Amino acid sequence: MTKTTMDSGLKSLVFERMLRMRRLEEAVFDLAARGLMVGHFHVYIGQEAAGAAVLQAASPDELLLTTHRNHGHLVGRGADSGRLLAEFLGREGGLNKGRGGTLHGTDRSLGFLQTSAVVGGIAPLATGAAYSLKLQGKAAAVIAFFGDGALEEGCVIEAFNIAALWQLPIVYVCENNSVGAIGRVGGGYNTSVNATTQFTSIPKVYGIQTRVFIDGNDVEGIHRETAQALDRARTGGGPTFIETITTRWPGSQPLWPVLATGVTKLEIAFGIAAAEGEHADWITNHDPVLRVARELLAQGVEAEALRAMDAAVIQEMDRAIEFAVASPQPDPATATDYLFA
């Protein structure tokens with residue numbers, strides 16, 4: 001396979017998606033600090049490179065299903081940030097009128113069929129969607145995002161088998177964030193208790209093409225491989241399994257997320273500020289946003305251009321917070337609307 005370098009223009013588009021993912025999650029922590037977020041939530045910080053690269057490769061016709069870490073995928077695909085935050089607050093102005101919340105919010109207009117906090121639960125649904133595309137003869141594919149823990153679920157293995165048997169147009173994206181996870185011994189929660197750590201060996205048994213990125217912040221490689229997998233799926237080549245491995249963000253170590261590394265400072269990537277504190281190593285060596293910013297600088301993009309891009313995203317999130325907070329609570333009389341009898 002010939003390796004090509006992603007030009008700075010394309011990488012800038014990926015980086016903008018990453019900034020929107022990061023700044024949205026920081027807005028979530030702002031709302032949580034105000035006591036406006038109700039219930040548990042999961043964030044996508046530290047995994048932006050993989051998600052943004054995959055989404056950049058996807059066409060508007062692709063169908064997507066994702067997990068409890070859906071915030072990044074939704075805003076990275078182009079979901080309205082104000083309506084997304086309103087959804088997290090359970091407000092009427094939310095994408096799903098407050099019914100989906102932080103764990104199940106979705107945007108059908110962008111191709112998202114479902115987001116779900118049921119571990120592994122989207123794999124069979126995504127496989128069914130791929131079967132539907134094949135029956136309809138559509139030149140499109142399904143992208144299914146899930147974490148490494150999903151590979152412990154039997155329904156995921158069954159989905160792999162069916163996708164391989166019927167050569168379905170689907171790309172399974174396993175976002176493995178278990179590196180650096182504390183686990184129960186350290187007061188955290190194990191991300192995976194699978195007997196194998198070679199996760200690509202599972203779909204490979206069924207003849208599914210696989211690719212593992214030990215460096216889950218490799219936006220160029222992930223984008224390239226996803227684009228090839230989608231082309232293959234659209235033209236009858238069958239399913240692909242892509243695993244991206246990242247070092248878990250320190251704020252996701254506890255059972256309840258905390259903004260452990262603080263608000264992201266692009267100045268660290270520019271070399272005019274240094275990471276400090278307990279998590280300085282993660283910020284310096286593992287933060288995907290800062291890494292891609294440094295790569296763009298090395299490709300000749302001016303720091304001022306990156307600052308301007310970030311400033312625009314921050315302004316967008318400020319407006320989104322205002323919209324979400326101002327959005328009314330749903331009318332209690334509508335509590336049973338949209339329910340199946």
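Predicted model: local features only at pLDDT ≥ 70, side-chain atom pairs only at ≥ 80, totals over all residues.
Biologist: Okay, so is Tyr-338 buried or exposed?

Modeller: Tyr-338 is exposed, because its relative accessible area is 57% and the cut-off is over 50%.

Biologist: Where does Tyr-338 sit?

Modeller: You'll find Tyr-338 in the segment after helix H13, which covers 303–326. Its phi is positive, about 70 degrees, although Tyr-338 is not a glycine.

Biologist: Why point that out?

Modeller: Because most residues other than glycine have a negative phi.

Biologist: Got it. What's the phi of Gln-167?

Modeller: Gln-167 has a positive phi too, near 50 degrees, and Gln-167 isn't a glycine either. Look for Gln-167 in the loop between helix H7 (154–165) and strand E4 (170–179).

Biologist: And how does Gln-167 count for accessibility?

Modeller: Gln-167 counts as partly exposed, because its relative accessibility is 33%.

Biologist: New topic: Glu-175. Where is Glu-175 placed?

Modeller: Glu-175 is in strand E4. Glu-175 is buried, yet has no salt bridge.

Biologist: Which side chain of opposite charge is nearest to Glu-175, then?

Modeller: That's Arg-69, 7.4 Å away. A salt bridge would need the charged atoms within 4 Å.

Biologist: What does the side chain of Glu-175 make a polar contact with?

Modeller: The side chain of His-73, at 3.1 Å.

Biologist: Which residues does Glu-175 touch?

Modeller: Leaving out residues up to four places away in sequence, Glu-175 touches several, including Tyr-44, Gln-47, His-73, Phe-145, Phe-146, Asp-148 and Thr-244.

Technical notes: Residues numbered from 1 in each chain as written. Heavy atoms only, no water. Helix = DSSP H or I, 4+ residues; strand = E, 2+ residues; numbered from the N terminus. Buried < 20%, exposed > 50% of the residue type's maximum accessible area, 1.4 Å probe, protein only. Lys, Arg positive; Asp, Glu negative; His and termini not counted. Polar contact = N/O pair within 3.5 Å; in protein donor to acceptor, adjacent residues only side chain to side chain. Contact = heavy atoms within 4.5 Å.
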